[in-house]
Amino acid sequence: MTAQHELPVGAAEARDESGRRLRGNLGILAVVFMVLAAAAPLGVIGGPVPLGISTGNGAGFPATFVIATVVLLLFALGFTAMTPYVREAGAFFSYVQLGLGIPPAIGAAFVAVVTYASMEAAVYGLLGPQLGSLVELIGGPHLPWGAWALAALAVVTFLGYRNIELSSRVLGVLLVAEIVVVAVLDAVVVWRGGDHGLSTGVFDPAEIFSGAPGIGLLFAIISFLGFEATAIFRDEARDPDRTIPYATYIALAVIGLFYTVSSWALISAWGDREAVARATSSGDTMLVDTAHRYLGVLGADTIQVLFVTSLFACILSFHNVVSRYLFALSVRGLLPTRFGRPHHRFGSPHIASLWLSGAILAVVLVAALIGLDPGAQYYTWLSGITTVGVLALLVLTSAAVLSYFARDRHGYSLWRIRIAPALGLVGLIVFFALIITNLPDLVGGSSILAVAVVSVLAVSFAAGALLGYTRVRRGVPASAQTPGIQTEETDVTDK
């Protein structure tokens, strides 16, 4: 079937100019590894899951992962349908540009950079103390959390400088290890029948809607952060029109299934009531305590080690994402030209990566020097920016998808490009409203900080949109801004 394929002006030429494009040979699984690593599955089971159980809907909490997965899959249907028409590795802002225009697209790009950079910086606040504790357990020196965070930053900087395939291999090993150990724990819990039989709360409407299901849903959606970054690796994918859609679906399915089963097993390991009590009183050690109970000391120690590597994998994944956003913005003339120069040997955004590491270094140093608590303050405040930012980007991208296909269905079914994305948009708006309503609690109970988080993102979007509007008014050539559109015939066979 023939459909009109929209391409940026000069995109065909750009594909031949290796000096302005990143290089790689990532397959579907490699991109999935990058995305799953950003989601930090082991970190989620040890963090947001106990919080969702204690402050959300208790034994019914696993069902919220099912709801979140369905909504995000609806979003992904439209998102991936649009992928063949987005010929740039600009992720969200490339989609928004095609659907809504240049000013909101550049606004989205600025929000994305702030959002993902904040997450990368935030996780150092968890990694530093955890890595320090682990080193001390094996007889190493006692050092401030900032020292360990900076040591990890040095390794991330090295990997970010080199070819993306090196990062993907590192992330693949770490990811497989953490998924395997949690899967083993899940299997042992199920084999032994849990504490008092396996939990049925996930199937019981009374449990699902008990307590504060909205809060439970909030922690569930937070746990998926990072899945949407598949499109940023377009230039480095082996076959982007196939790799990006499949990687998105696989990542969502794996994340949703993993979180649902593992949170259900965690509850079953203690029993419905005891699980809520433990999540409330000792949520930060609930996963390790469960591993110790069912897998022994070796299992608990393994979980502790892999929790640290999970945090490292999360940081590395977000570092790669932000570096590529900076590269893409530079190519469009929105950031200094040097950010858009790939390494002659590795094909990586090495300059953007180094500057990003410099910015993270400054943030970590300031936090350590002024004595911020790495978890309760530093991590909590920065992760609040990420949570709001990602949901805002998802809502904006959903609107862009609907707007784009409203002009031309490109042969797709109404379900694929209108009904499903519209339902997904409604769900995402509900999630966004829940986050805004409960934002003070997410950032440490401060309304002032909640306002600050929203303000940072609003100013970022406004600055980007204003820059985009100004460039359009000045008639900046397409080669120096987000490109315009031309038409090309292409065969679309999978609707």
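Figure 1. Where pLDDT is low, the predicted coordinates should not be read in detail. For the chain as a whole, the mean pLDDT is 84, and 89% of residues reach 70 or more. This is a predicted model, so to speak of local features we need pLDDT of at least 70, side-chain atom pairs count only at pLDDT 80 or more, and totals for chains, interfaces and linings use all residues. Residues are numbered from 1 along each chain as its sequence is written, and side-chain values use heavy atoms, with hydrogens and water left out.

**Figure 2. The whole chain, before zooming in.** There are 19 helices and 2 strands here; both are DSSP runs numbered from the N terminus (helices H or I, at least four residues; strands E, at least two). Of the 495 residues, 56% count as buried, with buried meaning under 20% relative accessible area, exposed over 50%, and partly exposed in between (1.4 Å probe, protein chains only). Among contacts with a separation of 6 or more, 83% come from residues 24 or more positions apart.

**Figure 3. Helix α2, mostly tucked away.** Helix α2 covers residues 28-39 and spans 17 Å from its first C-alpha to its last, close to the 16 Å expected at 1.5 Å a residue; that expected span is 1.5 Å times one less than the number of residues. The rest of the structure largely encloses α2, because 10 of its 12 residues are buried. Among them are Ile-28, Val-32, Met-34 and Leu-36.

Figure 4. Leu-306 sits in helix α14 (residues 286-331) and counts as buried, at 11% relative accessibility. Not counting residues up to four places away in sequence, Leu-306 touches Leu-42, Ala-177, Glu-178 and Val-181. Glu-178 is 128 residues from Leu-306 along the chain, yet their C-alpha atoms are separated by 5.8 Å.

**Figure 5. A nonpolar surface patch around Val-366.** Leu-361, Leu-365, Val-366, Leu-369 and Ile-370 make up a nonpolar patch of about 480 Å². Patch residues have over 30% relative accessible area and no salt bridge; like charges are joined within 9 Å, and nonpolar side chains (Val, Leu, Ile, Met, Phe, Trp, Tyr) within 5 Å. A salt bridge here is a side-chain nitrogen of Lys or Arg within 4 Å of a carboxyl oxygen of Asp or Glu. Val-366 belongs to helix α15 (residues 350-369) and is partly exposed, at 48% relative accessible area.

Figure 6. Ile-436, in helix α17 (residues 414-437), is partly exposed at 33%. Leaving aside neighbours within four places in sequence, Ile-436 is in contact with Val-388 and Val-454. Val-454 lies 18 residues away in sequence and 8.6 Å away, C-alpha to C-alpha. Helix α19 (residues 447-474) has 28 residues and reaches 40 Å end to end between C-alphas, close to the 40 Å expected. Its buried residues include Ala-450, Leu-457, Gly-464 and Arg-471, and their cover includes α7 (102-137), α16 (374-407) and α18 (439-442).

Note on methods. Contact means heavy atoms within 4.5 Å. Accessible areas come from the Shrake-Rupley method with a 1.4 Å probe; for residues, only the protein chains shown count as cover. pLDDT is the predictor's confidence in each residue, from 0 to 100.
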